[in-house]
Amino acid sequence: MAPILQSTQPWVEKYRPKQVKDVAHQDEVVRVLSNTLETTNCPHMLFYGPPGTGKTTLSLSLSLSLSLSLSLSLVLCFFCRPELYKSRVLELNSSDDRGINVVRTKIKNFAAIAVGSVGRQGGYPCPPYKIIILDEADSMTEDAQNALRRTMETYSKVTRFFFVCNYISRIIEPLASRCAKFRFKPLSEEIMSSRILHICKEEGLNLDSEALSTLSSISQGDLRRAITHLQGAARLFGSSISAKDLISVSGVIPQDVVQALLAACRSGDFELANKEVNNVIAEGYPVSQMLSQLFEVVVEADDITDEQKARICKKFGEADKCLVDGADEYLQLMDVASNTMRALCNMPQEFFHE
């Protein structure tokens, strides 16, 4: 087995499933798409759900399988001349290619070429349609999505669109209604652990049960994130990886830091809370990550009433929105700490200036 440091390929790509049936935990989606492969009767598709659950992987493996399943001569054609596959599948990341000009030029031109080239290309048989994969389609502007409607209608006989997104609500209804929708579920801890253990076996890593549980917890159902953290830890710490090693490479804030801030809020001591907030900022911890971890602790706490949880979580949401808009991290975390203190200590509303 080659040493870990000699492996330069990202493990996310190295262990990406190559076939539709190998995508984990999305049984209903895989079953429907497997039937699609048998008939090659493929509609436009919309894959949505949390990141790292297999949406892009499934769209790529489906497009490859559709291209290779039509005939034996076509299989040989694609294995001998992979450039034909590239001429039949266009993959765009809508985070970069998100404007209306991309729809009017790159997408429309690619779809239009298929009209005159269905049947044979360079003496080889070709699929009956092209496939355009739009990854992170929820990043596309509304104008670009509206422009795409006409393109889909015009070239529907020779082109199929696969939309991949995290938030289906950001896809305009006219586009969503033209697609077969497939929802991807977050991966369970059992499924993630099984996949991680397989990678550990292949790479010669030693991961104890605590480290495995920690990796599943900090990844929150995102298998891509889990594999990335695992490879990062292997690079830094070698073949034996502990839970502490995984936390240090993941960017997760140590639990004792989170608990210290919450304890300061419980105490009602403003100076102590300010000290803990300053500590978070000085250590360079992302405040958005702190809000996420504080949220989990507060929601699961048995000694905090539902009304207190509601007041605190409302402030978490407001602060998170402000951070997205570019607000100062110290001021937002101090605001959260102050309001959490007020809620937990049942301080009157007028104790703080709104």
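**View 1. A polar contact joins E203 and K14.** The side chains of E203 and K14 meet in a polar contact of 2.8 Å. A polar contact here is a pair of N or O atoms within 3.5 Å; within protein, one must be able to donate a hydrogen and the other to accept it, and residues adjacent in sequence count only if both atoms are side-chain atoms. E203 belongs to helix α9 (residues 189-203), and with a relative accessible area of 7% E203 is buried. Buried means under 20% relative accessible area, exposed means over 50%, and partly exposed is in between (1.4 Å probe, protein chains only). Please keep in mind that this is a predicted model: local features need pLDDT of at least 70, side-chain atom pairs count only at pLDDT 80 or more, and totals for chains, interfaces and linings use all residues. Residues are numbered from 1 along each chain as its sequence is written, and side-chain values use heavy atoms, with hydrogens and water left out.

View 2. Stepping back for a moment, the protein chain holds 17 helices and nine strands. Helices (H or I, at least four residues) and strands (E, at least two) are DSSP runs, numbered from the N terminus. Of its 354 residues, 46% count as buried.

**View 3. Helix α14 and its buried face.** Helix α14 covers residues 270-282, and the 18 Å between its end C-alpha atoms agrees with the 18 Å that its 13 residues should span at 1.5 Å a residue. The expected span is 1.5 Å times one less than the number of residues. A273, N274, E276, V277 and V280 are the buried residues to look for in α14. Seen down the axis, the buried residues of α14 fall within an arc of 165 degrees, so they line one face of the helix. That arc is taken from the directions from the helix axis to the C-beta atoms. On the face turned away from the buried side of α14 you will find the exposed residues E271, K275 and A282.

View 4. At the N-terminal end, D269 caps α14, with a side-chain oxygen 3.0 Å from the backbone nitrogen of E271. Just after α14, G284 has a positive phi of about 80 degrees.

**View 5. The largest nonpolar core.** This core has 30 residues, and L261, M290, L291, L294, F316 and L333 have the most contacts inside it. A nonpolar core is a set of buried Ala, Val, Leu, Ile, Met, Phe, Trp, Tyr and Cys residues joined through side-chain atoms within 4.5 Å. Helix α17 gives the largest share of this core, seven residues. Not counting residues up to four places away in sequence, L333 touches L261, V277, V280, V287, M290 and L291. Contact means heavy atoms within 4.5 Å.

**View 6. Helix α15 and its cover.** The 14 residues of α15 reach 20 Å from first C-alpha to last, close to the 20 Å expected at 1.5 Å a residue. Its buried residues are V287, M290, L291, Q293, L294, V297 and V298. Their cover includes α13, α14, α16 and α17.

**View 7. Helix α7.** A144, Q145, L148, T151 and M152 are the buried residues of α7. They cover an arc of only 110 degrees around the axis, which puts them on the same side of α7. The face turned away from that buried side carries the exposed residues E142, D143 and R150.
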